[in-house]
Amino acid sequence: MVPDSVKSFVVHMYRHIRDKNVYEIHQMCETSFQSISERLFKETPWPSVEAIAPYVDNDHVFCLLYREMWFRHLYARLSPTLKQRIDSYDNYCSLFQVVLHGVVNMQLPNQWLWDMVDEFVYQFQSFCQFRAKLKNKTEEEIALLRQHDKAWNVYGVLNFLQALVEKSCIIQILEQDKHGLEQFTATDGYDYSGGSNVLKVLGYFSMVGLLRVHCLLGDYHTALKWLQPIDITQQGVYTSVIGCHIATIYHYGFANLMLRRYLDSVREFNKILLYIFKTKQYHQKSPQYEQLLKKNEQMYALLALCLSLCPQPNLVDDSVSSQLQDKYGEKMMRMLRYDDEAFGIYDELFSYACPKFITPSPPCLEEPLVNYNQDAYRLQLKMFLYEVKQQQLLSGVRTFLKVYSSISLAKLANYMEVDEPTLRTILLTYKHKTHAVDSDGRIISNADIDFYINNDMIYVVESKPAKRYGDFFLRQIAKLEGVINDMDRVKLE
């Protein structure tokens, strides 16, 4: 039995898709689908595609879209079985094949297209984690894994995302957009001349999907390479969907943290955290609100890690800095000591804020079955803590260099209780660890203070950041408006 509200939903959705009524489709996805789910399908799946197909002329493409929403609801509300995970992959394959090789003339909301890519990557990650927990698998599940060994294969997932990027020609479109020859950003990717936005926008969001997949695999250089065509210093289509905006900056910032490009991470985390701080009340009714809050907390933890490894408080806005102090002020002070307790805090914050890393290779089902779902995470944590350990002596050097404008090597060696050759090694380590290679291959400095040595004397050069007068005036204007509003509410007798 198909409830009347579901019949009405699919009939209206089908009509709006045929009419290219993007606004109504968006409303139905974001509001109607959620309210019906809450009312009728809180703990059960929606009616099967076979049940609703007669109401939509058995339209093949609509049925694929409906199944995409069906599986998304299943993952959000219930625990999918192994068979359902495999069926969902098959549905994505069929849907993306239609987009890549068929003649698609639909206009779909950017939110839905982002949800497709986001859910595709999430389900891949979820499958890899599920498959890696072999200890409690039944014989039937082991047989299914053997039979469907190509389901959620890492090469298949990467190939689909790359094919969407290449077939959509989105990289060339964005290049033309920069020179004013295209209107992709101005129209948020929609095609108002009667064409379709589906392939172009899916290609665009697939670049963010590839950033995310390569972060999950621990390949941070390739992850950032896929994001290069999108200029994240500017407003773009990725900022029009809040979930995409946050996922992009979160993975971009994390990849740069792991590559020691701390300044890039701090700048982007600061911007997105300030944006969330100012606008989160407008997203309270969004289905993505809980995810938004979780990512917000994780990015504060990542910002705390960045600033502990590379103190650059001048890059952080006052309101973000205030929130950061409330959440992690005490822990950041303890992290600067680099003792066992400090390493424990680095471990804790990294474990809380990092992505759920995956081992993409299928298991060997002939050997004794063991769980290996934590292996990738442990490896990334080990690499991160190894980097933290290498920076152990640098906080002491930084403390002394902040005090002196010039100091002899012998004097500093005496203060640090090491001999001169060891001090030279520490200073070289400081130079190395405070420099990184950017995406263009240039060596950039992350240091708030720098130095050079001449005739056994160390000369300190402290970088002075440009003062940001605009922020100061904007804060004062906001305060003044608050005072005026308060005065307006006062009733004079």
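**View A. Helices around the second largest pocket.** In this predicted model, the lining of the second largest pocket takes at least two residues from each of α11 (220-227), α12, α13 (262-279) and α21 (469-489). Helix α13 supplies the largest share, 10 residues. The pocket holds about 1,000 Å³ of space. Look for I232, T233, R267, E268 and K271, which lie nearest its centre among the 39 lining residues. Sorted by class, the lining comprises 14 nonpolar, 11 polar and 14 charged residues.

View B. The protein chain divides into domain 1 (80-388) and domain 2 (404-462). Between their C-alpha centres the distance is 36 Å. Domain 1 brings 10 residues to the contact, and domain 2 brings 11 residues. Now back to the second largest pocket: domain 1 and domain 2 each give at least three residues to its lining.

**View C. The largest pocket and its centre.** Here we turn to the largest pocket, with a volume of about 1,600 Å³. Its lining is made up of 47 residues, and D118, E119, Y122, R212 and Q291 are those that lie nearest the centre. By class, 19 of the lining residues are nonpolar, 16 are polar and 12 are charged.

**View D. Helices that line the largest pocket.** Which helix gives the largest share of this lining? That is α6, with 10 residues. At least two lining residues come from each of α2 (22-40), α4 (60-77), α6 (110-132), α10, α12 (242-258), α14 (289-309) and α16 (340-353).

**View E. Helix α8 packed with helix α10.** Two packed helices are described by the angle between their axes and the distance between the axes. The crossing of α8 past α10 is left-handed.

**View F. Residues where α8 meets α10.** On the α8 side, the residues in contact are V154, L158, L161, Q162, L164, V165, K167 and S168. Their partners in α10 are L199, K200, L202, G203, S206, M207, G209, L210, V213, H214 and L217. Counted by class, the contact of α8 with α10 has 11 nonpolar, 6 polar and 2 charged residues.

Terms used: Residues numbered from 1 in each chain as written. Predicted model: local features only at pLDDT ≥ 70, side-chain atom pairs only at ≥ 80, totals over all residues. Heavy atoms only, no water. Left-handed = near helix turned anticlockwise from the far one by under 90°. Helix = DSSP H or I, 4+ residues; strand = E, 2+ residues; numbered from the N terminus. Contact = heavy atoms within 4.5 Å. Nonpolar A, V, L, I, M, F, W, Y, C, P; charged D, E, K, R; others polar. 1 Å grid on protein atoms, 1.4 Å probe; cavity = no way out; pocket = protein on both sides within 12 Å on 5 of 7 lines; lining within 4 Å. Points joined across faces, edges and corners; volume = space filled by probe spheres on them. Domains from an automatic or database assignment.
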